[in-house]
Amino acid sequence: MKKTTFLVLLFCTLISQAQQKKETKMQHILKNKNLEICIDMPLANYQFSRFDWTGKITAVTFKGIPVSTHEKMDGDKENIYGKGFYNEFGIEMPIGFDEINEGEYFSKIGVGALQKEGVKYGFSKAYEIQPANFNLSTESNKLIVECESQIVNGYAYVLRKEIELLESSFVIHYQLKNTGEKTIITNEYTHNFLAINKELMGGDYILKFPFELAPKLFDAILNPEEKVLVDEKQITFKGTPEEQFFYGNLTGNKRIEAHWELINTKSKIGISETGSFQTNKINLWGWKHVISPELFFDINLKPNEEIEWSRTYDIFEID
């Protein structure tokens with residue numbers, strides 16, 4: 001009897017492991033003659049407490065050439081780091097965090113309910129997660145993911161993300177509805193882990209903005225090797241930075257068009273992002289192998305209110 005019980009338990013364990021292994025491969029691909037977009041399902045691979053789980057764009061290629069990369073140069077074997085076009089809600093202002101005691105739960109949009117640990121929120125901390133509910137649907141050129149939250153300390157929402165493939169571009173449409181009793185005040189951005197044709201950062205890259213860059217107005221500057229050059233409307237490189245660099249709030253709190261453009265003069269390919277909104281905050285992070293311009297979108301949503309915004313990415317060849 002004991003042997004039979006052991007075999008049944010072993011069989012169930014193997015089935016569970018097989019299902020989990022299969023789930024980690026769950027991926028949806030949007031593809032046409034120019035673009036291929038790889039998207040992980042909500043409960044596949046990355047299940048950490050930072051980035052939004054809906055429509056996790058892990059990689060984009062243009063005519064067979066990659067335009068995105070990973071947060072870490074050696075990849076992400078543990079599925080806890082960023083890649084591709086991961087977005088995040090509330091990197092500095094998670095909903096309701098300061099209203100609760102340690103051990104209670106707060107809401108992280110696109111993820112679920114996170115258990116509070118410590119006095120200060122840390123975006124890189126591994127919080128205990130109670131996942132939200134996710135539903136998916138597809139069309140020939142679209143993936144639609146809906147995330148419905150639990151009610152957490154009076155906060156609740158429904159997030160709908162639609163990733164649409166066009167000829168040489170893709171659009172991320174967002175729709176957020178406040179279904180709770182309290183006002184949702186937070187923000188959202190896409191991290192944009194970029195590298196064109198796997199080229200390291202250096203003299204072949206130019207990052208352009210549609211406004212004047214004034215370093216004296218930035219919130220933070222980290223450029224330890226002084227290899228990142230900030231000009232009037234663009235950022236270039238003097239060699240390849242071996243250490244991480246960061247610039248906080250490039251707009252100096254001014255409201256401007258939400259747009260950037262990155263080109264690689266060697267590969268002769270460019271990529272741009274344009275938001276359907278104005279922004280008063282743009283951050284820039286990067287390393288040897290990656291550059292990440294981040295356009296922030298502010299959210300102030302009363303109960304029963306709904307808001308929509310979008311991000312359009314164009315990929316193109318240059319002369």
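## Tyrosine 247

The side chains of tyrosine 247 and asparagine 223 are joined by a polar contact of 3.2 Å; a polar contact is a pair of N or O atoms within 3.5 Å, where within protein one must be able to donate a hydrogen and the other to accept it, and residues adjacent in sequence count only if both atoms are side-chain atoms. Tyrosine 247 lies in strand 18, strands (E, at least two residues) and helices (H or I, at least four) being DSSP runs numbered from the N terminus. With 2% relative accessibility, tyrosine 247 counts as buried. Buried means under 20% relative accessible area, exposed over 50%, and partly exposed in between (1.4 Å probe, protein chains only).

Not counting residues up to four places away in sequence, tyrosine 247 touches Phe218, Ala220, Ile221, Asn223, Val228, Val230, Ile282, Asn283 and Leu284; contact means heavy atoms within 4.5 Å. Tryptophan 285 is 38 residues from tyrosine 247 in sequence, and their C-alpha atoms are 6.5 Å apart in space.

## Model and confidence

This is a predicted model, in which local features need pLDDT of at least 70 and side-chain atom pairs count only at pLDDT 80 or more, while totals for chains, interfaces and linings use all residues. Residues are numbered from 1 along each chain as its sequence is written, and side-chain values use heavy atoms, with hydrogens and water left out.

The pLDDT, the predictor's confidence in each residue from 0 to 100, averages 92 over the protein chain, and 92% of the residues score at least 70. Residues 1-25 have a pLDDT below 50, and this stretch has five contacts in the model beyond near neighbours in sequence. Where pLDDT is low, the predicted coordinates should not be read in detail.

## Overall fold

The C-alpha trace spans about 75 × 45 × 40 Å along its principal axes.

Of the 319 residues in the protein chain, 51% are buried. Among contacts with a separation of 6 or more, 64% are between residues 24 or more positions apart. The chain exposes about 15,200 Å², of which carbon and sulfur atoms supply 49%; accessible areas come from the Shrake-Rupley method with a 1.4 Å probe, and for residues only the protein chains shown count as cover.

## Salt bridges

The count of salt bridges comes to 16, each defined as a side-chain nitrogen of Lys or Arg within 4 Å of a carboxyl oxygen of Asp or Glu. Lysine 63 forms a salt bridge with glutamate 317, with the closest N and O atoms 3.3 Å apart. Lysine 63 is in the loop between strand 3 (56-62) and strand 4 (65-66) and glutamate 317 in strand 24 (residues 306-317), so the pair ties together parts 254 residues apart in sequence. Lysine 63 is partly exposed at 43% relative accessible area, and glutamate 317 is exposed at 53%.

Lysine 142 and glutamate 162 also meet in a salt bridge (3.4 Å, N to O). The pair links strand 10 (residues 142-148), which holds lysine 142, to strand 11 (residues 157-165), which holds glutamate 162, 20 residues apart. Lysine 142 is buried at 16% relative accessibility, as is glutamate 162 at 11%. In a further bridge, the closest N and O atoms of lysine 266 and glutamate 199 are 3.5 Å apart. Lysine 266 is exposed, with a relative accessible area of 53%, whereas glutamate 199 is buried, at 18%. Salt bridges that share partners join Arg50, Glu88 and Lys108 into one network.

## Lysine 161

Lysine 161 is placed in strand 11 and is buried, with a relative accessible area of 3%. Its side chain makes a polar contact of 3.1 Å with the side chain of aspartate 52. A polar atom of the lysine 161 side chain also lies 2.5 Å from the backbone oxygen of threonine 54. Leaving out residues up to four places away in sequence, the residues that lysine 161 touches include Asp52, Thr54, Asn87, Ile144, His173 and Tyr174.

## Glutamate 242

Glutamate 242 is found in the loop between strand 17 (234-237) and strand 18 (245-248), and is partly exposed, with a relative accessible area of 44%. Beyond its neighbours within four places in sequence, glutamate 242 is in contact with Glu225, Trp287 and Lys288. Glutamate 242 and tryptophan 287 are 45 residues apart in sequence and 6.8 Å apart in space, C-alpha to C-alpha.
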